[in-house]
Amino acid sequence: MTLYSQASYLRSLQGTVVPRIIGLYLVDGAVSVAMELPSSSFWVEASEDMSNELKLKCIKAFDALHDRGVLHGDVKLRNMLIGAEGNVTLVGLQKCRSTMPIEAVGLGEATDEDMLLEKRLVKFK
């Protein structure tokens, strides 16, 4: 949760590029995270045949993460949600890393080269 709560990481992107966190719950010894929906009406996963305009929005969403020093780490179409308004929400950040790692919470290190490779992967999805 450090990634979502600290200003130097994703706090400012909550509700725009990553879901806003509503609450944390302990259920049967596991932490469950409740997040805001990507859209109030509907959303779909990104697809190989999406328009160039939507693909560009996906690229810009990853750029926003990278600008904060965060590598998503799991570039898959199912982790890019397109809302009814055309907004892109990135989910599935369990494998993320950062250029500002915090080993104590398991946030590993990412390099500039990692960011470039991830952006290339997004462009060719």
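Student: How many bridges join β3 to strand β5, and in which direction do the two run?
Tutor: Three bridges join β3 to β5 (residues 80-83), and the two strands run antiparallel. Two strands count as paired if DSSP finds at least two bridges between them. Strands (E, at least two residues) and helices (H or I, at least four) are DSSP runs, numbered from the N terminus. This is a predicted model, in which local features need pLDDT of at least 70 and side-chain atom pairs count only at pLDDT 80 or more, while totals for chains, interfaces and linings use all residues. Residues are numbered from 1 along each chain as its sequence is written, and side-chain values use heavy atoms, with hydrogens and water left out.

Student: Which residue stands opposite Glu45?
Tutor: In β5, Leu81 stands opposite Glu45.

Student: What is the strand order of the open sheet?
Tutor: The order is β3-β5-β6, three strands with antiparallel pairing. Its edge strands, β3 (43-45) and β6 (88-90), each pair on one side only. On average, neighbouring strands of this sheet are turned by 30 degrees against each other, direction ignored.

Student: Which helix packs on that sheet?
Tutor: Helix α2 (residues 52-67) does, touching β5 and β6, and its direction makes about 45 degrees with that of β6. Contact means heavy atoms within 4.5 Å. Axes are lines fitted to C-alpha atoms, for helices over the stretch in contact, with angles from 0 to 180 degrees between N-to-C directions.

Student: Turning to β1 and β2, how many bridges join them?
Tutor: Six bridges join β1 (residues 21-27) to β2 (residues 30-35), and these strands run antiparallel. Gly23, for instance, has Ala34 in β2 as its bridge partner. Two residues lie between the strands of this hairpin, where Asp28 takes a positive phi near 50 degrees.

Student: Which residues make the nonpolar surface patch?
Tutor: Leu24, Leu26, Val31, Val33 and Met35 make a patch of about 460 Å². The elements giving two or more residues to the patch are β1 and β2, and β2 gives the most, with three. Patches are made of residues with over 30% relative accessible area and no salt bridge; like charges are joined within 9 Å, and nonpolar side chains (Val, Leu, Ile, Met, Phe, Trp, Tyr) within 5 Å. Accessible areas come from the Shrake-Rupley method with a 1.4 Å probe, and for residues only the protein chains shown count as cover.

Student: Is Val31 buried or exposed?
Tutor: Val31, in strand β2, counts as exposed because its relative accessibility is 59%. Buried means under 20% relative accessible area, exposed over 50%, and partly exposed in between (1.4 Å probe, protein chains only).

Student: And how many salt bridges are there?
Tutor: The count comes to four, where a salt bridge is a side-chain nitrogen of Lys or Arg within 4 Å of a carboxyl oxygen of Asp or Glu. One of them joins Asp63 and Lys119, at 3.1 Å from N to O. This pair links distant parts of the chain, 56 residues apart: Asp63 is in helix α2 and Lys119 in helix α3 (residues 112-123).

Student: What is the closest N and O distance between Asp74 and Lys76?
Tutor: Their closest N and O atoms are 2.6 Å apart in a salt bridge. Asp74 counts as buried at 11% relative accessibility, whereas Lys76 is partly exposed at 32%.

Student: Which residue forms a salt bridge with Arg97?
Tutor: Asp114 does, with the closest N and O atoms 3.4 Å apart. Arg97 lies in strand β7 (residues 97-98) and Asp114 in helix α3, so the pair ties together parts that are 17 residues apart in sequence.
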